[in-house]
Amino acid sequence: MSTHRPPPLSRSEVWVAHLAGEGAWGTGEHPEAAARLAAQVQVAGLIVVLSVMWTLVPERLASSAEPWIPITAAVTTTAALLGVLVRPLLLALGRRRPLSRPTTAALVRLVASTTIYLGIVVVLPGWRAVAVWPLGVAGGADAILTRWALGLPFEGPHWWSTLFRSPVMAGVAAGLAIVVVTDVPAQDTVAVLMLLMALGLALFAAWGTMWLLDASRRRVDERVEDAVRRARHEEHRRRAHWLHDDVCAELQLTSLRLRTGRLAPSHVASELADLDHRLRVRQTDELIASGDARLAELVQPALRRLQAAGVRLLDVPSLDDAHLHLQPHEARLFTRLVGVLVSNAVNAGASAVSLLLQHDDEVIGVTVIDDAGGFPDVPLPPGRGLERLVNELGPGSITIEPTAQGSKVTLRMPYGHELSTPRDRTQVN
Amino acid sequence: MARILIVDDAVALAELFANELTRHGPHQVTVIDSVADVAPSLANSPPFDLALVDLSFPAETASGVDALATVHLTHPRTLLAIITQGDRWVAEPMRLAWDLLPIATVVSKSAPLDAQLGAIANVLSTGSAPPDPALQPLLPRGPSGWRSIDEFSRLVHHRGHAKLWRALLDLVGEATYREIATETGLKLNTIKNYRAQLLPELAQHGLPDASLREMQDFAHRSRVFLEPHISGPPDEPPTGRRRQAR
């Protein structure tokens, strides 16, 4: 890697990036909780500004010699406010938003901001402008969202002091000085002072909002990190427990059986293959418990079991058939289905098996075709795994067809359904 | 007699398997326990007939896909095979290797020894063998028709894209626009434009509307295929239509 370090971002670039807003820099992914909160604050701020403005419009109209000017300004400002409200509203609702180009976004938002500012000056002259400080809250929420999207840290008091030493504030001060030294009527001077106070209040509200939202995000992040730390710790303990209880204890049992003559040395390989299968079933249980299991992974232990039993696998599903992700209750039922069908084939003495999957939006089917000489018991013998499964799933859930050398058994289970009652949930968990 | 290279960090298992291969071949088998040692090994020996590569190397940043690609790019005639447990965490790299490299077969470490040796014998005699049935559910029926190593050149049109990918590969932790700008000296707007230019190509790799984080994950996963293009792209962005008809 080169030792040359490029210069950091220029201040003007950061200002332009802020003008473009979160819509230009966000990931477009589903927003995290802190971003949603900031967007909710922004939406609330904009709605309050709209309400305040329209509450004061009648009074302004009554006192105006040319009422069309304030009403036009109010309507234009409302349109601009509603325009800038759309994106934070989608973000607040947790919806995926399309991303905009930075230059376009910056231009559109510049026009909207100028329209809102001028509209408020016209509609709410003098002391009334102070009432729109929630616009600062909305602006602060917007600015912090942009900084988070860009990866810029919030500088707190430094940002506040920088703002007051910025060219914007220098321009405001110069304008005020001109008003004071020139022959401007007192009421106009007061109006300008009020406008300046409104601007200061809005900026202070913006800074306070940014500070609060950033602090709240850091606090949430700390809590999440703490929860992750605890979960990792717990996971390590669980793994150690699992190794001790399952792996070490099983190996110890095999070793003891071998030393005490209960296990013949010639059977050690099959004993270990059986242990491997049991551990893989446990591994599948863990995968299901993680809440994200694919058919591809769920079917693997059954295929390995058939291999270990010396059964030739003629046809198996590919990822094209086995890409579905199942809910934990579906995954548990599916592993039972496959387990029962595979056990039946192995116990019947099959030497070659095909295991196939079919699915649509509502049903998953598992078919096992074997060469074990046909299915002797139709109706199914009571008390066996297959009979219990068919009783649970319904009589239409099974199809048994004889083949030239054996049988073709298909079991179907529902897919894509939420559990209906708490009792159902208890049963499958 | 065939010359076989085994790349696997489970040395005891690999050496035991190498002994079986030697006994059944007889073959000349070399075992390497690290992806980093693959390139030096290939440089110091004549081409192997078959490279049998594990996918998971938790002690290294590289994966078995890097080892397979290194073998393929150094000696394209060497047959490539994957040997793996086939657990969930290797499913994605296995799919990547399957799509991008001429994988002759996939052998399961859990399969009976006879099945493993049979698959390797098939590959050496006919050039390929079906993947192990227990691993087939993790793979599509055939390699993807539209993904190829050459397609990665479309992800680096010019030096600016190369800088972006380099930063995504080098940054520790999640990359942000600010960090990439600081790392590369590119303007924020430029980075944004580069990302927008690459989105259609990334969609071809199964990443529609990829975020910076998704691009970073993709870069790490596909490092071995991206890096040759990052080191030597054209100086200037081409003018006019960038994407050519396929």
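The side chains of B:Arg154 and B:Glu151 meet in a salt bridge with an N to O distance of 3.4 Å, a salt bridge being a side-chain nitrogen of Lys or Arg within 4 Å of a carboxyl oxygen of Asp or Glu. B:Glu151 counts as buried at 17% relative accessibility, where buried means under 20% relative accessible area, exposed over 50%, and partly exposed in between (1.4 Å probe, protein chains only).

This is a predicted model, in which local features need pLDDT of at least 70 and side-chain atom pairs count only at pLDDT 80 or more, while totals for chains, interfaces and linings use all residues. Residues are numbered from 1 along each chain as its sequence is written, chains are lettered from A and ligands numbered from 1 in the order in which they are written, and side-chain values use heavy atoms, with hydrogens and water left out.

**Salt bridges**

A search of the whole structure finds 24 salt bridges over all chains. Side chains of opposite charge can pair when their charged atoms come close. Some of the pairs are listed here.

| Salt bridge | N to O distance |
|---|---|
| A:Glu22 and A:Arg87 | 3.3 Å |
| A:Arg278 and A:Asp274 | 2.6 Å |
| B:Arg141 and A:Asp315 | 3.8 Å |

The side chains of A:Glu22 and A:Arg87 form the pair at 3.3 Å. A:Glu22 lies in helix α2 (residues 22-25) of chain A and A:Arg87 in helix α4 (residues 68-92) of chain A, so the pair ties together parts that are 65 residues apart in sequence; helices (H or I, at least four residues) and strands (E, at least two) are DSSP runs, numbered from the N terminus. A:Glu22 is buried, with a relative accessible area of 10%.

A:Arg278 and A:Asp274, by contrast, both lie in helix α10 (residues 268-289) of chain A, 4 residues apart, which is about one turn of the helix. A:Arg278 counts as partly exposed at 30% relative accessibility, and A:Asp274 is likewise partly exposed, at 39%. Salt bridges that share partners also join A:Glu235, A:Arg238, A:Arg239, A:Arg282 and A:Glu286 into one network.

**Chain A**

Chain A contains 16 helices and 7 strands, and buried residues make up 39% of its 429 residues. Of the contacts in chain A between residues at least 6 apart in sequence, 74% join residues at least 24 apart, a contact meaning heavy atoms within 4.5 Å. Chain A is divided into domain 1 (11-229) and domain 2 (311-414), with bounds that come from an automatic or database domain assignment. Taken over C-alpha atoms, the centres of domain 1 of chain A and domain 2 of chain A are separated by 63 Å.

**The two domains of chain B**

For chain B the domain assignment gives domain 1 (3-138) and domain 2 (149-230), and 30 Å separate the centres of these two domains of chain B, taken over C-alpha atoms. In chain B, 8 residues of domain 1 are in contact with 6 residues of domain 2. Domain 1 of chain B and domain 2 of chain B bury about 720 Å² between them, 78% of it on carbon and sulfur atoms, where buried area is the accessible area (1.4 Å probe) that two parts lose on being put together, summed over both. In domain 1 of chain B, the residues that lose the most area to domain 2 of chain B are B:Asp66, B:Leu96 and B:Leu100, together 54% of what that side buries. Across this interface between domain 1 of chain B and domain 2 of chain B the rule finds 0 salt bridges.

**The contact between chain B and chain A**

The contact takes 40 residues from chain B and 43 residues from chain A. The area buried between chain B and chain A is about 3,400 Å², of which carbon and sulfur atoms give 50%. In chain B, B:Arg88, B:Pro137 and B:Leu188 lose the most area to chain A, together 20% of what that side buries.

Across the interface of chain B and chain A the rule finds 1 salt bridge, and B:Arg141 forms a salt bridge with A:Asp315. The elements that give two or more residues to the side of chain B that touches chain A are α4, α7 (177-184), α8 (188-204) and α9 of chain B, and α7(B) gives the most, with 6 residues.
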